[in-house]
Amino acid sequence: MGLLSILRKLKSTPDQEVRILLLGLDNGGKTTLLKQLASEDITHITPTQGFNIKSVQSQGFKLNVWDIGGQRKIRPYWRNYFENTDVLIYVIDSADRKRFEETGQELAELLDEEKLSGVPVLVFANKQDLLTAAPASEIAEGLNLHTIRDRVWQIQSCSALTGEGVQDGMNWVCKSVNAKRK
Amino acid sequence: MRTNTNHFRATRLLRMLGYIWQCFYSSCLRFWLKWFLRLVTGRCELQRICARCKAGALRTAQIEYSLKCSKSKVLRAALSLKENDLDEHLAQIIQEKRIKEQKDPTFKVNLRQCLLQINGYSELFEEVEDLRKQVFDSENEEHENMLLKLWDLLMPSEKLESRVTKQWGNIGFQGEDPKTDFRGMGMLGLTNLLFFSENHPDAARQVLSHASHPRLGYSYAIVGINLTEMAYSLMKSDALKPHFYNTVSGKPQMQHFHHFYCYLAYEFDKFWLEEEPESIMEFNRYREKFHDKVKGQLQKPEVKLIMTVDQEK
């Protein structure tokens, strides 16, 4: 699975750009996920200062995935990347229970953002390869995801490291982009 | 349109001719040229390189290329030697190439130095790779002490209130516990950061003060770990060879890698301030620009990337 296969699953409308935004706390695994999607080496990853972007283009149709650094200091810049977002992917370190509250707060603030209103959200309960990882159901409950009424949402357990669950999540992303464009 | 097609054809033809020439040269001409030169000068290619080029990247890189292209197994094997086998192998080369040592007394010393540099580079890379693969472990006392020492060196006037604290943000870690920030660079990242602060405390603090600037600032430690990645990948791709061949006359050691990191940390800071980026979000763009600049410098055969401290204005 790669970015190109995701692009192919999306209904193509020429000259259009699909924009996927990856957000979440630092050390959640956003860059690993991005590199996994782009089939790149994930062993030399460093903390993201600023942002990373990967793009694929096919028949005039473009998919951009934006991975924005998660450290507190640069979270105020997140809003600069909201515009025209088709799907928000929120990445959580399922093993870092101490920061569940913090990550929940950040997500809640994102869902209140006007520029992101109605944008489908996929929550990746990442790092399921770790023994201490909380299951997706527990995270969904902790984040009160079931109270979200104003958009479609999904939680998907995954391991960006091994790639497990990533494909399922991305299939959901494609489906919701296509549904929105009908 | 027509000229475009013609132009395209011409470039393709030129490229093809270049390719044919290269094949012809490496498969046949190079051999006869060497044979002829050997006959006229009475010296083999290795000897000619040593006589023609002064010590450093120019000589060592040409020796390396000559050994790599050699038809002789003994010569090719000289590129993957352990230090202990070096002298024995040197004697084998001299025998294989029927070199008369009395006629060219400096040759052996010179070739030995080249082999030390060539093989030392790959050995050093293995060491660097081992250190990178070592994950920072908060249960490991040595790792913990290194981290605390980094704090003390960078922030001599401020005590850490506890091991897990927001204060780490003051030296540019992301959260309250730096342990998650080393990622794919592992202990190599921490060792680099610590080496810079230990060996150039004033310069490191000067860079940290620039990094703390409200408008032009950046996360000192995180950027440092990104620069470790830069140094590492430059070494991995062999781009660092000319620098090491020019600056270390024998086998390069770990400290030489750390010194190169210091160069990057110091120079990147200057570069960042000169470029005046709009915000920290532009980091990767300027990182690439800086990377290209360093790669360009590394292509010059005489390159030496040594950190030199400017007087603070």
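A residue is buried if 20 or more other C-beta atoms lie within 10 Å of its own, exposed if 12 or fewer, and partly exposed in between, with C-beta atoms placed from the backbone. Gln154(A) has 19 C-beta neighbours inside 10 Å, so this residue counts as partly exposed.

This is a predicted model: local features need pLDDT of at least 70, side-chain atom pairs count only at pLDDT 80 or more, and totals for chains, interfaces and linings use all residues. Residues are numbered from 1 along each chain as its sequence is written, while chains are lettered from A and ligands numbered from 1 in the order in which they are written.

## Chain A

Chain A has five helices and six strands. Helices (H or I, at least four residues) and strands (E, at least two) are DSSP runs, numbered from the N terminus. Along the sequence their pattern is α-β-α-β-β-β-α-β-α-β-α. The radius of gyration of chain A is 15 Å, close to the 16 Å that the globule rule gives for 182 residues, so chain A is as compact as a globular protein of that length. That radius is taken over C-alpha atoms, and the globule rule is 2.2 Å times the number of residues to the power 0.38. The C-alpha trace of chain A spans about 45 × 40 × 30 Å along its principal axes. Of the 182 residues in chain A, 43% are buried.

Two residues are in contact if their C-beta atoms, placed from the backbone, lie within 7 Å. Take the contacts in chain A between residues at least 6 apart in sequence: 74% of them join residues at least 24 apart.

Back to Gln154(A). This residue sits in strand E6 (residues 153–157) of chain A. Leaving aside residues up to four places away in sequence, Gln154(A) touches Leu122(A) and Trp172(A). Trp66(A) is 88 residues from Gln154(A) along the chain, and their C-alpha atoms are separated by 19 Å.

## Chain B: two domains

Chain B is divided into domain 1 (14–123) and domain 2 (134–299). Domain bounds come from an automatic or database domain assignment. The domain centres, taken over C-alpha atoms, are 38 Å apart. At their contact, 11 residues of domain 1 meet 10 residues of domain 2. On the domain 1 side, H3 and H6 of chain B each give two or more residues. H6(B) supplies the largest share of that side, five residues.

Helix H3 (residues 57–69) of chain B has 13 residues. From first C-alpha to last, H3(B) reaches 18 Å, close to the 18 Å expected at 1.5 Å a residue. The expected span is 1.5 Å times one less than the number of residues. Ala57(B), Arg59(B), Thr60(B), Ile63(B), Glu64(B) and Leu67(B) are buried in H3(B). Their cover includes helix H2 (45–52), helix H4 (73–77), helix H6 (107–133) and helix H11 (241–247) of chain B.

## Cores

A nonpolar core is a set of buried Ala, Val, Leu, Ile, Met, Phe, Trp, Tyr and Cys residues joined through C-beta atoms within 7 Å. The largest core has 67 residues. Those with the most contacts inside this core are Val207(B), Leu227(B), Ala231(B), Tyr261(B), Leu264(B) and Ala265(B). H10(B) gives the largest share, 11 residues. Domain 1 and domain 2 of chain B both give residues to this core, so it lies between them. Val207(B) touches Tyr220(B), Ala265(B), Tyr266(B) and Asp269(B), not counting residues up to four places away in sequence.

A second, separate core has 42 residues, among them Leu22(A), Leu63(A), Ile68(A) and Ala125(A).

## Where the chains meet

The contact takes 21 residues from chain B and 15 residues from chain A. Helix H10 (220–236) and helix H13 (283–298) of chain B each supply at least two residues of the chain B side. H10(B) gives the most to that side, with five residues.

Ala, Val, Leu, Ile, Met, Phe, Trp, Tyr, Cys and Pro count as nonpolar, Asp, Glu, Lys and Arg as charged, and the others, Gly among them, as polar. The table gives the classes for two contact sides.

| Domain 1 of chain B, touching domain 2 of chain B | five residues | five residues | one residue |

## Two loop residues

Arg183(B) has a positive phi of about 45 degrees although it is not a glycine. Arg183(B) lies in the loop between helix H7 (141–154) and helix H8 (186–199) of chain B. With 21 C-beta neighbours inside 10 Å, Arg183(B) counts as buried.

Asp238(B) is not a glycine but has a positive phi of about 70 degrees. Its place is the loop between H10 and H11 of chain B. Asp238(B) has 13 C-beta neighbours inside 10 Å and counts as partly exposed.
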